[in-house]
Amino acid sequence: MPSGPVEQFLSLWHEAVARKDLGVLAPRVADDVVLSSPALHRPKQGKAEVMALLGDVAASLEGYRVTRTWVDGPELLLEFEAQVGERSLQGVDRITLDAEGRLEHLKVFIRPYRGLVALMTAVVRRQVDRLAGPARLIARLRLWLRGVG
């Protein structure tokens with residue numbers, strides 16, 4: 001049975017994803033949090049950068065559903081299913097909590113490859129849409145040249 005801080009974190013995690021409002025989770029995220037994934041060239045570090053990326057991911061996923069949960073002290077594994085557009089995907093969120101029960105490290109694994117690509121594309125489009133005029137135009141052109149836009 002998960003401990004108090006783990007239960008509290010899991011409850012907030014599920015609420016945040018269901019509401020697509022990662023602000024709910026913010027008090028339970030460490031300032032020096034790290035997010036790593038095979039989709040990233042380098043891990044994202046720091047609360048602002050990680051929360052922004054998680055917000056874009058949550059907004060891009062439909063039907064996120066945890067199918068299995070494993071807890072070992074401050075370590076959690078959440079096996080999940082979701083969709084991005086017409087693509088289905090499965091994944092595992094490996095979560096490490098610090099001594100205060102805050103998210104310290106999140107490692108995300110997603111399959112199949114086409115589901116990962118669909119998620120990456122949806123997230124990048126959200127990020128590009130937030131850019132100001134000329135930067136957005138240049139970013140969209142780069143995406144188009146790569147065959148993503």
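How much space lies in the largest pocket? About 1,000 Å³, in a model that is predicted rather than determined by experiment. A pocket here is an open set of points on a 1 Å grid over the protein atoms alone, where a 1.4 Å probe fits and protein lies on both sides within 12 Å along at least five of seven lines. Grid points are joined across faces, edges and corners, and the volume is the space filled by probe spheres set on them.

Local features need pLDDT of at least 70 and side-chain atom pairs count only at pLDDT 80 or more, while totals for chains, interfaces and linings use all residues. Residues are numbered from 1 along each chain as its sequence is written, and side-chain values use heavy atoms, with hydrogens and water left out.

Back to the pocket. Its lining runs to 37 residues, with Leu40, Met120, Val123, Val124 and Gln127 nearest the centre; to count as lining, a residue has an atom within 4 Å of a point. Two or more lining residues come from each of α1 (4-19), α2 (47-60), β5 (87-97), β6 (103-111), α3 (113-129) and α4 (133-145). Helices (H or I, at least four residues) and strands (E, at least two) are DSSP runs, numbered from the N terminus. The top contributor is α3, which gives 9 residues. By class, the lining splits into 28 nonpolar, 4 polar and 5 charged residues; Ala, Val, Leu, Ile, Met, Phe, Trp, Tyr, Cys and Pro count as nonpolar, Asp, Glu, Lys and Arg as charged, and the others, Gly among them, as polar.

Now for the sheet. It is open and mixed, with 6 strands in the order β2-β1-β6-β5-β4-β3; two strands pair if DSSP finds at least two bridges between them. At the edges sit β2 (44-45) and β3 (62-72), each pairing on one side only. Packed on this sheet is α2, which touches β1 (29-36), β2, β3, β4 (75-84) and β6, and whose direction makes about 60° with that of β1. Contact means heavy atoms within 4.5 Å; axes are lines fitted to C-alpha atoms, for helices over the stretch in contact, and angles run from 0 to 180 degrees between N-to-C directions.

Strand by strand, β1 and β6 run parallel and are joined by 4 bridges, with Leu35 partnered by Leu106 in β6. Leu106 also stands opposite Ile95, and β5 and β6 pair in the antiparallel sense over 8 bridges. These two strands form a hairpin with 5 residues between them, where Gly101 in the turn has a positive phi of about 80°. Antiparallel pairing also links β3 to β4, again over 8 bridges, and Val71 stands opposite Leu76 in β4. The hairpin of β3 and β4 has 2 residues between the strands, and Gly73 takes a positive phi near 65°.

A few backbone details sit in loops. Arg111 and Pro112 are joined by a cis peptide bond with omega of about -10°, and Pro112 lies in the loop between β6 and α3. Lys20 has a positive phi near 55° despite not being glycine; this residue is in the loop between α1 and β1.
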